[in-house]
Amino acid sequence: MKMNPILAIDGYKVSHRVQYPQGTTKVYSNFTPRSDRFFQSPLADGKMVFFGLQGFLQWFLVDLFNEAFFARPQDEVVSEYKQVMDGYLGPDAVTVDHIRDLHQLGYLPLHIKALDEGSKVPMKVPVLTITNTRPEFFWLVNYLETVLSAELWKASTNATIAHHYRKICARWAEKTCSDLSHLDFQCHDFSFRGMSGLQDTAQAGCGHLLSFKGTDSIPSLLYARDYYTDGEAYFIGATIPATEHSVMCMGQRESEIETFRRLIADLYPQGFVSIVSDTWDYWRVLTEYTRELKATIMQREGRVVFRPDSGDPVAILCGTGADNDTRAERTPEEKGSVEVLWEIFGGTVNDKGYKVLDPHVGLIYGDSITLARADEILTRLEAKGFASSNVVFGVGSFTYQYNTRDTFGFAMKATWGEVNGEGRMIFKEPKTDSGLKRSARGLLRVARDAQGELALFDEQTAEQEQQGELTTRFLDGKLYRREHLEQIRARLAAQQ
């Protein structure tokens, strides 16, 4: 929605301007992930992938402020602000002169420095700093804390989760696969319907696209195009034709195999097609329909992808039996989907000694996949002698929505200010806290340590603060150092 961005705040922010000491002319704050105590991954490394700032700066601080604040008549903007505040806090409880002054200035007098997006950032290292460039607008810095936090924590969190899916898939691919080309599409974003609206889908879903190119979230593609490319014909992501249960049900249970036949022979005689296969009897589909349709499937130029959508993902794909059990009398459920398809369609054994299904068939599982489950599935496939490339994961809102700002403990805190021309190093250190909420002090610099890792150096001089890895991204209403999605993808990939 195109709300007036000056009102995109927590209610208590409107009072802070007069609460600062008289003579305040500068506020200097940072945005930092403080702890990964709630992040669970088999390959957790204590780092977070920073992503989402460029999109936020463009759409909110530049586009929305220009269109919904600065471009509107001054009296209209000021009247709206006053009307909201009078009804919210009481008549004349909040003055409006500072809003009028900002509108007359015509731009946001802020300086934001940040790390490169796609960087892997250790806990307690700031990803950005923000300060005012004109003394009378000191209040604007932390005024924007709430929206900045709300817009940035999830994009970074989801980019980190996607990165860990990639790490898991890459680890097993390196062990069991000769060809790694499947990795870009091994995890497919299914999360749109479970996200908190369009903006959430577009922005946070774009985090998935740093590590993978498979997505069903078209808004994420548009967000990446608009804020992370130059609008050229650059490949961001893709999907394939796929059915849903309404399609299968409409074909009716007694003629389900004819629905399969129509899909693979008539509608999609070539290329990839994904067919949801558990509408009624999944194991019948996998053991009976596949045999009856085998000749048609093998004549196609492309792949028929079977999609189970219920049950235990690990058991459905890998079986309920022991991984070293090779008894012929085992049930399909005991064998699991990959082994069942291997028995029917065969395949090849790669130069690492692992079985790869015939390229005419494949599997995607998209229900309740987690990092731990993905790792367990690939672990069990390896134990059964199958390459990890035999399965694709649909990663949905069960993965991308079950997180909060506290997953990485994001917080924006002021650490330095200026009152009556004198700098003040400020910090918080609650005695009642475990140490999590202790803030850095003074001016900050982020630089590489002897091991090449990003590290925080606080209590810096003004000259030191200008150095390091935090570089100007926004200054006085303008975006700086805009980067292409390809650069960000490459940067993250180099840090595997």
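How many bridges join E8 to strand E9? Hi everyone, the answer is 4, and E8 and E9, the latter covering residues 304–307, run parallel. Before going on, this is a predicted model, where local features need pLDDT of at least 70, side-chain atom pairs count only at pLDDT 80 or more, and totals for chains, interfaces and linings use all residues. Residues are numbered from 1 along each chain as its sequence is written, and side-chain values use heavy atoms, leaving out hydrogens and water.

Let's look at the sheet. Its 6 strands form an open sheet in the order E7-E6-E13-E12-E9-E8, with parallel pairing; strands are DSSP runs of E with at least two residues, helices are runs of H or I with at least four, both numbered from the N terminus, and two strands pair if DSSP finds at least two bridges between them. E7 (214–215) and E8 (273–276) stand at the edges with a single partner strand each, so one side of each has no neighbour in the sheet. Ile275 stands opposite Phe306 in E9.

Now the core. A nonpolar core is a set of buried (under 20% relative accessible area, 1.4 Å probe, protein chains only) Ala, Val, Leu, Ile, Met, Phe, Trp, Tyr and Cys residues joined through side-chain atoms within 4.5 Å. The largest one has 135 residues, and Phe306 is among those with the most contacts inside it, as is Phe56. Helix H6 (residues 145–176) gives the most, with 14 residues. Leaving aside neighbours within four places in sequence, Phe56 is in contact (heavy atoms within 4.5 Å) with residues including Leu61, Val147 and Tyr223.

Notes
Buried < 20%, exposed > 50% of the residue type's maximum accessible area, 1.4 Å probe, protein only.
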